[in-house]
Protein chains: 2
Amino acid sequence: MDSFTRLSRRPSLTDDISQKLSRMILDGKLVAGEQLPTEQSLAESFGVARTVVREAISRLKHDGLVDSRQGVGAFVAEPSARSAFRISPACFEKRQKLLEILQLRTGITSEAAGLAAVHRTDADLQFMDTAYDNMERALSGGDAAAEKHVLAERSFYQRIAEASGNQYILEFLSMLDTRIDMELRSVAMKNARVTEWSAEVLAEHKAVLEAIRAQDETAASQAVRYHYSLAAQRLADRADLADT
Amino acid sequence: MDSFTRLSRRPSLTDDISQKLSRMILDGKLVAGEQLPTEQSLAESFGVARTVVREAISRLKHDGLVDSRQGVGAFVAEPSARSAFRISPACFEKRQKLLEILQLRTGITSEAAGLAAVHRTDADLQFMDTAYDNMERALSGGDAAAEKHVLAERSFYQRIAEASGNQYILEFLSMLDTRIDMELRSVAMKNARVTEWSAEVLAEHKAVLEAIRAQDETAASQAVRYHYSLAAQRLADRADLADT
DNA sequence: TGTCTTCTTGTTGTCTGACAACCTGTTTTT
DNA sequence: AAAAACAGGTTGTCAGACAACAAGAAGACA
């Protein structure tokens, strides 16, 4: 939540400076990669103590807007590093909630596939074909290549999101994937057993790909929804995810 | 992005303490409403200076995890105050981007409708019926009641999101609606002319409602998608939104 | 000349101490 | 009893210092 969203409390100096700095970056007064003024000069120009500037910059670092290196300076982060969306870590508190996150992703991914079916270029299709081949190849490695397959699958749907032409869908999906990975990798992903259902899963992906190739919007979004509904079911059946 | 997402840089003390504190809250060691230990005692127990603790808490305040009152203390914020999702204000910079936001909402809403068709209770249905009646009644007021109708429509889909049983979908949609309203109210909503297409629009909503009543998952999500595709088209036709 | 070492300088990260602003409960005064 | 002054504690801000670190400058040496 942005500080100015909370109207209840009188904004502190830190809130003020933090907002000023982030606006400078968001408005493009500070270009990506550019070095921020030093904390001391910022403190002087804002008329506050250095601690205030530090707390403000600390927030920006936390938000991924700037990146600082000790002994060198603070720099405006690349736009690719700053996501349009942020999700609270609290969302992954309980493993049961993960299923709801996956439902959320289902809706967005299916929309992405539908849009991709409409807007895809031949180049997009080529990327998707390649990603699909990678999935197929990863499967041939058996359980050992489980993680590789997961990455290939993610890459496949990322291509779809790119082909949708919708920047926000792409960003939101990649953010979700990143966070889901962080939460799941340690728990489940490493000992995932893909061979059990590899064939059917691949067929589900294939259906998505072919619908997009045929530029069939409805079929594409439905194929995604179908895949995820089965995926959710598989996930629910897994013992290592059922706990807590 | 959380600090531990960036693996490149050695985590600073502030990163460490910030993470420790947020985990204490997220893991429930500190209950909502509870007062945090004083900055000084936190500094002592963590073995760092108070400035470090302050920078860490500053991040948590920015994230809405804690709320502090000068002279009293810092308190764990209510979970309702910590919204699961945040969207950067930059997303609404250009009006052209609004269409992409709407596409994003389409995907989530259609997923919500599908889930609602499965999970709805009779009570949910009753709420939706009431919301639909409100929409219908708002339309009879003609153009004057345009804004009222917009609110009724939003309320209708909010009911659907609630019936989906998915907390994140509900939160994300309400966040999007809030932000879209903030951006659009001044521009378009006040002089919206609903009478031109009121009948057909209402029929679209009705289709959603009946699909959910019939517990037809596919029909429900398709009906939403159909409505939004037409809504996007209407929006694109509007001159006051085409500029910039 | 070229390369390595050392020094210098500047910046961020952390520490320490102090005071201002503020809230709350207690005590004193009226 | 009610109001005012007091006391203690906490956050917010300030000031100064040093440590950690990086990058360039200057010098030593082959």
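In the predicted model described here, DNA strand C is surrounded by 24 residues, the closest of which are Arg50(A), Gly71(A), Leu13(B), Ala49(B) and Gln70(B); a residue is taken as near a molecule or strand if one of its heavy atoms lies within 4 Å of it. Because the model is predicted, local features need pLDDT of at least 70 and side-chain atom pairs count only at pLDDT 80 or more, whereas totals for chains, interfaces and linings use all residues. Residues are numbered from 1 along each chain as its sequence is written, chains are lettered from A and ligands numbered from 1 in the order in which they are written, and side-chain values use heavy atoms, with hydrogens and water left out.

Of the atoms of DNA strand C that lie within 4 Å of the protein, 63% belong to sugar or phosphate, and the rest belong to bases. From chain B, a polar backbone atom of Leu13(B) is 2.7 Å from a phosphate oxygen of DNA strand C. Two or more residues of the surface near DNA strand C come from each of α3, β1 (66-69) and β2 (73-76) of chain A and α1 (13-26) and α3 of chain B, where helices (H or I, at least four residues) and strands (E, at least two) are DSSP runs numbered from the N terminus. By class, this surface has seven nonpolar, 11 polar and six charged residues; Ala, Val, Leu, Ile, Met, Phe, Trp, Tyr, Cys and Pro count as nonpolar, Asp, Glu, Lys and Arg as charged, and the others, Gly among them, as polar.

Around DNA strand D there are 24 residues, of which Leu13(A), Ala49(A), Arg50(B), Ser68(B) and Gly71(B) come nearest. Sugar or phosphate accounts for 66% of the atoms of DNA strand D within 4 Å of the protein, and bases account for the rest. In chain B, a polar side-chain atom of Ser68(B) lies 3.0 Å from a phosphate oxygen of DNA strand D. The surface near DNA strand D comprises seven nonpolar, 11 polar and six charged residues, and at least two of its residues are supplied by each of α1 (13-26) and α3 of chain A and α3 (50-63), β1 (66-69) and β2 (73-76) of chain B.

Helix packing was examined next. The axes of α3(A) and α3(B) are 9 Å apart and form an angle of about 55 degrees, axes being lines fitted to C-alpha atoms, for helices over the stretch in contact, and angles running from 0 to 180 degrees between N-to-C directions. This angle makes α3(A) oblique to α3(B) (angles under 35 degrees count as roughly parallel, over 145 as roughly antiparallel, 65 to 115 as roughly perpendicular and the rest as oblique). The contact between α3(A) and α3(B) (heavy atoms within 4.5 Å) includes Arg54(A), Glu55(A) and Ser58(A) together with Arg54(B), Glu55(B) and Ser58(B), and by class it has no nonpolar, four polar and 10 charged residues.

Within chain A, α1(A) and α3(A) pack at about 50 degrees with axes 8 Å apart, which makes α1(A) oblique to α3(A). Residues of α1(A) including Leu13(A), Ile17(A) and Leu21(A) meet residues of α3(A) including Val52(A), Ala56(A) and Leu60(A), and the contact divides into eight nonpolar, three polar and three charged residues.

Note on methods. Polar contact = N/O pair within 3.5 Å; in protein donor to acceptor, adjacent residues only side chain to side chain.
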